[in-house]
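Here is a short briefing to read alongside the model. Have the viewer open, and we will go from the whole chain down to a single residue.

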Amino acid sequence: MLETKDEKINELYLWALKHNILITKDAIEYILYKGIDLNKVKNILTKKEPGFLEVKELEELENPEKKEVEILPATSSFLAKNYEGKVKRVWEFNTDFESKTSVENFLNYFRDRYNKIRSLLLQRQGIRNVVSIEKLTSYKINEEVSLIVSIREKHDRGKGDLKFLIEDDTGEILAFVDENIYDVAKNIVEDDVVAFKGKLNGSKKYFIIKEVFYPDIPIPTNESIAHTKEPLTAAFLSDLHFGSAQFIEKAMQRFFKWLYSGDDYAKRLKYLFILGDNVDGVGIYPDQEKELLMHNIYDQYKAFEEFLLKIPEHIEVIIIPGNHDAVRLAEPQPILPKKYLEEAHNLKNLHFETNPAMVNIHGFDGEKGINVLLYHGYSFNALIDTLTDIRKVARDKPTIVMKEILKRRHLAPIYGSTLLAPKEIDNHVIDIIPDIFASGDLHSHDVSNYKGVTLISASTWQAQTSFQDRVGHVANPGKLTLVDLQMRKTKVIDLLG
Ligand SMILES: [Fe+2]
């Protein structure tokens, strides 16, 4: 039994033991003598391998940042300094709450989604003889037709037994899936808008689905792959969680160390994307206060702002909010407000954007630039849980779910998978094919490519939290994702390696 009356340090001692770390007696005396913030000690413990916590590790805690910052050179040969940057907002959202939730605007929202995705489906090859549900019965039993429908209900009894209640703007009908395409059709989720090729059954009461089409994106051509003429790069970060006791200070220090290292990608870095959960927030989940280093939202944003202000001004930084940020949860989430980041808002190279957002970078005269789709990723959880084929793997390899999103041309296919501002238009339809699609939220890390689109699930600067322990997610922090915008190739740096 620990010989101290300090309940808090006793609690920390027991917490450490549970994680197979013994805080030595000397270390406890040192903490008490120096009055070290216990949240800071916990921050060290969360990143430690099982073993002992000794005094020397606490001594390093006293001023760790200073040590690494001193390594930074005062000047450097940034090649990107020679080139102008350009960031243009492609999607313009009105993020005010204009209308109240009503049956009417709910119906208009679905109508809007249906119409937008219908027009994308009509651009696809292979979908012929498109008819409405209302006109269906005037066709012969064996005549092959296509329907463009919204999935109202899905009934999957497994082993090839799958049916949908489908609707368009003229009516609804029950549709049975041909056994041969069960494995494809079982991935359709409620609220998806898809095309079905098939025919009526003998009684003309049901539709038999023979083929499924998502709007998807076309196979790329050499011309459709966008590049910058100049040899510039972009970097992607997410879920920094400033203010959390699990914030990994070392990742930030290493980021600056890399930036000033003379690394080829660092010298050419022109665009930095930060994909939400910039701070840990306050009151986001039960008992969160136990895992906070900073209990005040203004302090958290101050720390985030200090980080932003250290980024050299020749780098254009694009920042969106996430579900931990101090803006409303309903999407599109507004830009981070000036009241938390006053100084940062005045800087020309910092661009605050909505979540989701589509921006075009480096689109100078004569160059189409590169379209980057940014979405924090809240809706991905519901899609991962619903799609049985990807459920076990997509949290470690989130670009798998990002491909599903692109196939559907919709950022939140399942209604209710994220909160929505009550609007009569659907702001999650991906009407423009991005060149890069980047997200975060899962605290995992993954990079891949889908039909020419670079997919990035950006890593985090927060170590595993007890909340993630409880829900069984495993964080993969400290990875920095880089894209060579001229060559369109990617590279990953392990900041904690
Ligand atoms: Fe996060």
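Two residues count as in contact if their C-beta atoms, placed from the backbone, lie within 7 Å. With that in hand, 71% of the chain's contacts between residues at least 6 apart in sequence join residues at least 24 apart. Please keep in mind that this is a predicted model, where local features need pLDDT of at least 70, side-chain atom pairs count only at pLDDT 80 or more, and totals for chains, interfaces and linings use all residues. Numbering starts from 1 along each chain as its sequence is written.

**Whole chain**

- The chain has 14 helices and 19 strands, which are DSSP runs numbered from the N terminus (helices: H or I, at least four residues; strands: E, at least two).
- Its radius of gyration, taken over C-alpha atoms, is 26 Å, close to the 23 Å that the globule rule gives for 497 residues, so the chain is as compact as a globular protein of that length. The globule rule is 2.2 Å times the number of residues to the power 0.38.
- Along the principal axes, the C-alpha trace spans about 85 × 60 × 40 Å.
- Of the 497 residues, 39% are buried (20 or more other C-beta atoms within 10 Å of a residue's own; exposed means 12 or fewer, partly exposed in between, with C-beta atoms placed from the backbone).

**Domains**

- The assignment gives domain 1 (7–62), domain 2 (79–96 + 219–494) and domain 3 (125–213); such bounds come from an automatic or database domain assignment.
- Between the centres of domain 2 and domain 3, taken over C-alpha atoms, there are 37 Å.
- Seven residues from domain 2 and five residues from domain 3 take part in their contact.

**Helix 2 (residues 25–34)**

- Which residues of helix 2 are buried? They are Ala27, Ile28 and Ile31. These residues sit on the same side of helix 2 because they cover an arc of only 100° around the axis, the arc being that of the directions from the helix axis to the C-beta atoms.
- Lys25, Glu29 and Tyr33, on the other side of helix 2, are exposed.
- Among the elements covering the buried residues are helix 1 (7–18), helix 3 (38–46) and helix 4 (55–61).
- After helix 2 comes Gly35, with a positive phi near 65°.

**Lys86**

- Lys86 is found in the loop between helix 5 (64–69) and strand 3 (87–89).
- With 16 other C-beta atoms within 10 Å, Lys86 is partly exposed.
- Beyond its neighbours within four places in sequence, Lys86 contacts Ile361, His362, Gly363 and Phe364.
- Ser102 is 16 residues from Lys86 along the chain, and their C-alpha atoms are separated by 40 Å.
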